[in-house]
Amino acid sequence: MAQQNLKKNVIFDFFQITAKDSDGKVNDFPMDMFAEKIVDKLSTIVQRVKQINGEEIYLNSLPKDEDYQYFHIVRRRADAPAIGNDNSDQLTDINLEENQFVVEDLSILFDTNLCVAMFQRNRNSIGPTKILEYFNLLLSDISDNEQKILFQPIVRNDTFKALKKKDVITKIAIKTSDLANSNLPHEMKSLLTPTILDGLELEITLSVGRSRTKTIQKDFADQVINSVEQNPNKILSANVSGGNKNINNTTYNVEPFDLLRGRLIAEYSFDLGDKKSGNHLKSASVRDQMHLLYNECKSKIIASLGNRSN
């Protein structure tokens, strides 16, 4: 039986990068110049390692092409996982040498013209909050200026309008602190009884998975979307993916939407090959795809920033 290739779905977030000086003035922050100073003053990986909340984080590489500056950031773990197999109930430790670590990495693309960064978001990698803290620690190492780097999420102003242009909905993910008293449809509220949910947060995800023909029932999807738009009270997060149908009834042009905060999001499913080929997502492949996705989103970014020139 042929082995299916592994897939990894990756979400990308977008932030405007600014810095606040000692007088409280906020300006765009040139991350490309920041990268040059890091290479000049912190030339080795050892110099870039920082402890943040008990974790070691470091800037591994700073590749650049004619359009964008990139940052490859790694979190390393001192503990190593074990491995198992189908023929034994025993787990085998992975033995690491003294200078080896289990690592989780991500890439960041920086647009030098718009001062906007695109962040790879993995389930187990470093989040934007820790990356921001890390960058500010590096900034204090290489500069005497009392600046503080800031991340401002890129928010699209056409979230619901753009979503309503989609023919089908392929995913709904809702998080609520009070399902019974929310404005969500009865069909969703009836999934669990109020006594079970009393005082608890609940996350509900409905998805067609990787199918390109299945869809979530339109009437139900419209009810959920309209309820969040009209009354987001009691909703902690609401994310929906929608696409269009072609003449062969196949879904294409699927986009994720943040209904509550309106954040601009991009999404891509990477093919990792089979498990024997190694399933680590190569940073060069991620950068190539980020380049393409960013260019696809650029008009939305410019509109969000107030039609700044590119």
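This is a predicted model: local features need pLDDT of at least 70, side-chain atom pairs count only at pLDDT 80 or more; totals for chains, interfaces and linings use all residues.
Phe 15 is buried, with a relative accessible area of 10%.

A search of the whole structure finds eleven aromatic pairs. Phe 15 and Phe 119 make up one of these, in an edge-to-face arrangement with 5.1 Å from centre to centre and 80 degrees between the planes. Now colour the chain by strand.

Keep Phe 15 selected and bring in Phe 151. How are the rings of Phe 15 and Phe 151 arranged? The pair is tilted, with 40 degrees between the planes and 5.7 Å centre to centre. Again distant parts of the chain are linked: Phe 151 belongs to strand β10 (residues 148–153), and 136 residues separate it from Phe 15 in strand β1. Phe 151 has a relative accessibility of 14% and counts as buried.

Then widen the selection. Which residues form one aromatic cluster with Phe 15? Select Phe 29, Phe 34, Phe 71, Phe 119, Tyr 134, Phe 135 and Phe 151.

For the last stop, select Tyr 70 and Arg 287. The charged end of Arg 287 sits over the Tyr 70 ring, 6.0 Å from the ring centre.

Notes
Residues are numbered from 1 along each chain as its sequence is written. Side-chain values use heavy atoms; hydrogens and water are left out. Rings of Phe, Tyr and Trp (its six-membered ring) pair if their centres lie within 6.5 Å; planes under 30 degrees apart count as stacked, over 60 as edge-to-face and the rest as tilted. Buried means under 20% relative accessible area, exposed over 50%, partly exposed in between (1.4 Å probe, protein chains only). Helices (H or I, at least four residues) and strands (E, at least two) are DSSP runs, numbered from the N terminus. A charge sits over a ring if NZ of Lys or CZ of Arg is within 6 Å of the ring centre and within 35 degrees of the ring normal.
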